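Good morning, colleagues. Please look at the sequence and the structure on the screen, and I shall then go through the arrangement of the chain.

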Amino acid sequence: MSNSIQGLGKFLIGGGVVAVAALVSIAVFDYPPATDDAAGTIVPAKRFRADGGGTTIIGDSAATQSGIVTDRASTDAANAAMADGIAKAQMADGLSRAQMADGVAKAQMAEGLSRAQMAEGVSQARVADGVAKAQMADGVAKAQMADGVAKAQVAEGVAKSQAADASARAQ
C-alpha cells in the first residue's frame, strides 16, 4: 500500500514538472506570436507608391493617396476582424497563464503530499525504533530476573550444603 502511494506521489511530481516545463517553454518562445509581431507573415506588407501624377482627388474622402477608392464598410470589417483577433490572442494568453498557475499549484500539492508521506515514514520508523527498544529493555529485564533466580538457587544450594555439612559435623 505504501509503495503504491509513493509511486503515485512520484508520478504526480513528474507530471507537474513536465506541465510546468511545457508552460514555461510556451511563455519563453512566445507561441503563437502576438498580432504586433506577426506583420509580414500573416498580415500583408504595406507598400507605398508615388502618386500617378495627380490621380488623387483632393477633398474626396473615399480616395486614398495611392488612388484606390475604399468603402467604409470594408474598413470597419477589417478593424472588427483585427479587434477579434486581438481579443482571441488575449484570451489564449490568459488561458495559458491560468494553466501555468494550475500546473504550479499541482506541483506544490504533490510536493506537500510527498512531504507528508516522508513525515509519516519518519514517524513510523520512530515508533518501530521505540518498540524495538522496549523489547530490548524487556529482554534485559528478563535476563536479569533469570540471573537473579539462578543466583538465588546457587545461594540456596550453598546454604543447604552448609546445613548438611553442619548436620554431619554435629552427628
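In which helix is the place of Ser-96? Ser-96 has its place in helix α2. Before I continue, a word on the source: this is a predicted model, in which local features need pLDDT of at least 70 and side-chain atom pairs count only at pLDDT 80 or more, while totals for chains, interfaces and linings use all residues. Residues are numbered from 1 along each chain as its sequence is written, and side-chain values use heavy atoms, with hydrogens and water left out.

Let me begin with the overall picture. The secondary structure of the protein chain consists of two helices and zero strands. Both terms refer to DSSP runs numbered from the N terminus, with helices being H or I of at least four residues and strands being E of at least two. Helix α1 covers residues 2–29, and helix α2 covers residues 72–170. For α2, the 99 residues at 1.5 Å a residue should span 147 Å, and the end C-alpha atoms are 145 Å apart, which agrees. The expected span here is 1.5 Å times one less than the number of residues in the helix.

Accessible areas come from the Shrake-Rupley method with a 1.4 Å probe, and for residues only the protein chains shown count as cover. Of the 171 residues in the protein chain, 5% are buried. Buried means under 20% relative accessible area, exposed means over 50%, and partly exposed lies in between, with a 1.4 Å probe and protein chains only.

Which residues of α2 are buried? They are Ser-96, Gly-103, Ala-110 and Gln-117. Let us examine two of them. Ser-96 is buried because its relative accessible area is 15%. Setting aside residues up to four places away in sequence, Ser-96 touches Leu-23 and Ile-26; contact means heavy atoms within 4.5 Å. Gln-117 counts as buried because its relative accessibility is 17%. Apart from neighbours within four places in sequence, Gln-117 is in contact with Ile-5 and Gln-6. Gln-117 and Ile-5 are 112 residues apart along the chain, and their C-alpha atoms are separated by 8.4 Å.

Next, the nonpolar side of the surface. Leu-8, Phe-11, Leu-12 and Leu-113 form a nonpolar patch with about 390 Å² of accessible area together. Patches are made of residues with over 30% relative accessible area and no salt bridge, where like charges are joined within 9 Å and nonpolar side chains (Val, Leu, Ile, Met, Phe, Trp, Tyr) within 5 Å. Helix α1 gives the most to this patch, with three residues. Leu-8 has its place in helix α1, and Leu-8 is partly exposed because its relative accessible area is 46%.

Finally, the charged pairs. Side chains of opposite charge can pair when their charged atoms come close. How many salt bridges does the structure hold? There are nine salt bridges, each being a side-chain nitrogen of Lys or Arg within 4 Å of a carboxyl oxygen of Asp or Glu.

In the pair of Asp-84 and Lys-88, the closest N and O atoms are 3.5 Å apart. Both residues lie in helix α2, four residues apart, about one turn of the helix. Asp-84 is partly exposed at 39% relative accessible area, whereas Lys-88 is exposed at 52%.

The side chains of Lys-106 and Asp-102 also meet in a salt bridge, at 3.5 Å from N to O. About one helical turn separates Lys-106 and Asp-102, because they are four residues apart in helix α2. Lys-106 is partly exposed at 47%, and Asp-102 is partly exposed at 40%.

Asp-129 forms a salt bridge with Lys-133, with 3.5 Å between the closest N and O atoms. Asp-129 and Lys-133 both lie in helix α2, four residues apart. Asp-129 counts as partly exposed at 40% relative accessibility, while Lys-133 is exposed at 53%.
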